[in-house]
There are 2 protein chains.
Amino acid sequence: MRGGESKHSAIMSDEEKDGTGTAWRSLGDFIRSQRELANLSMRQLAEIAKISNPYLSQVERGLYKPSADVLKNIANALHMSAETMYAQAGLLDDSPDRDESHHGVEHAVKLDPQLSVDQKETIIRIYRSFIGRE
Amino acid sequence: MRGGESKHSAIMSDEEKDGTGTAWRSLGDFIRSQRELANLSMRQLAEIAKISNPYLSQVERGLYKPSADVLKNIANALHMSAETMYAQAGLLDDSPDRDESHHGVEHAVKLDPQLSVDQKETIIRIYRSFIGRE
DNA sequence: AGCATGTGCTTGGTATACTTAGCGCAAGCA
DNA sequence: TGCTTGCGCTAAGTATACCAAGCACATGCT
């Protein structure tokens, strides 16, 4: 890990460029955060996902909406299920009986056997502060 | 229902044209069968799925591999879940990594629409530090 | 200083997803 | 016998997903 972020390069005229749509931007952010969480550089992830690094750059910045199999490859490279990816891309929630979209973070936390009670409370407290429901 | 199939038009040089790949052909067949099962003409389905009828034609014949949201729209129009569609397209079955812990808290956090990306990152980081996995 | 390597990003091109117009045929009605 | 309507498909164009080359900066080594 030598190089850095430089300076976001060029003009920061993004912000609300919209480009192709709105939901795709958040997908890009999601991918980027997951990539950084996994300590991968763009080129590394791009290589694993079998796409070019410039393209990954554009995707993360929300300029393009990747096709399904690219999405699948990225999801794979990040060790997550393709479904999670599609869900984030807003590609899954639809008309059919898709009721249980609300697993809920709190519920999942409470059920996790790896967490102590105190840890659960901590996480839930942070979670609530984030979503404003204090 | 007035018109018919005519004569498959032109030359029947298809069979194994391959075009864009092999798995996509079966997807096309699948869509066509479902469409006929629902007694819909191409134009009808195309209208509902918000795509053009010639394009639907190409897709059913396996000439093109439709993008994810087109797939979603078609699935919708045929009253089936998008997942079923993706599965048929071979877009779902890859390596779910079989890591049980992903289905719990992290999964729920990732899917929560009320959280910003940074917030998700924060929570997941805390979560991981709690359970000792990196 | 100067080179080597690593970072994210821009530029310009190619491939392919997707659309608007239009063809040839089959069935129903005058 | 035409004319109309609906069918699937072809042909030609536009939009966009995607790639190969390369830039500007940053770090580390000598």
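How many residues of chain B are in contact with chain A? In this predicted model, 38 residues of chain B are in contact with 39 residues of chain A. Contact means that the C-beta atoms of two residues, placed from the backbone, lie within 7 Å.

Local features need pLDDT of at least 70, and side-chain atom pairs count only at pLDDT 80 or more, whereas totals for chains, interfaces and linings use all residues. Residues are numbered from 1 along each chain as its sequence is written, and chains are lettered from A and ligands numbered from 1 in the order in which they are written.

**View 1. The side of chain B that touches chain A.** Four elements of chain B give two or more residues to this side: α4 (68–77), α5 (82–88), α6 (105–111) and α7 (117–131). Helices (H or I, at least four residues) and strands (E, at least two) are DSSP runs, numbered from the N terminus. The largest share, ten residues, comes from α7(B). By class, this side of chain B holds 20 nonpolar, nine polar and nine charged residues. Ala, Val, Leu, Ile, Met, Phe, Trp, Tyr, Cys and Pro count as nonpolar; Asp, Glu, Lys and Arg count as charged; the others, Gly among them, are polar.

**View 2. The nonpolar cores.** A core is a set of buried Ala, Val, Leu, Ile, Met, Phe, Trp, Tyr and Cys residues joined through C-beta atoms within 7 Å. Buried means 20 or more other C-beta atoms within 10 Å of a residue's own; 12 or fewer is exposed, and in between is partly exposed, with C-beta atoms placed from the backbone. The largest core has 42 residues. Among those with the most contacts inside it are Leu71(A), Ile74(A), Leu71(B) and Ile74(B). Beyond its neighbours within four places in sequence, Ile74(B) contacts Ile31(B), Ala49(B) and Met85(B). A second, separate core of eleven residues includes Val105(A), Ile123(A), Tyr127(A) and Leu111(B).

**View 3. Leu91(B) in a loop.** Leu91(B) sits in the loop between α5 and α6 of chain B. Leu91(B) counts as buried because it has 23 C-beta neighbours inside 10 Å. Not counting residues up to four places away in sequence, Leu91(B) touches Ala68(A), Asp69(A), Lys72(A), Ala82(A) and Tyr86(B).

**View 4. Helix α3 of chain A.** In α3 (residues 53–60) of chain A, Leu56(A), Val59(A) and Glu60(A) are buried. They cover an arc of only 95 degrees around the axis, so they are on the same side of α3(A). The arc is that of the directions from the helix axis to the C-beta atoms. The cover over these buried residues includes α1 (23–37) and α2 (42–49) of chain A.
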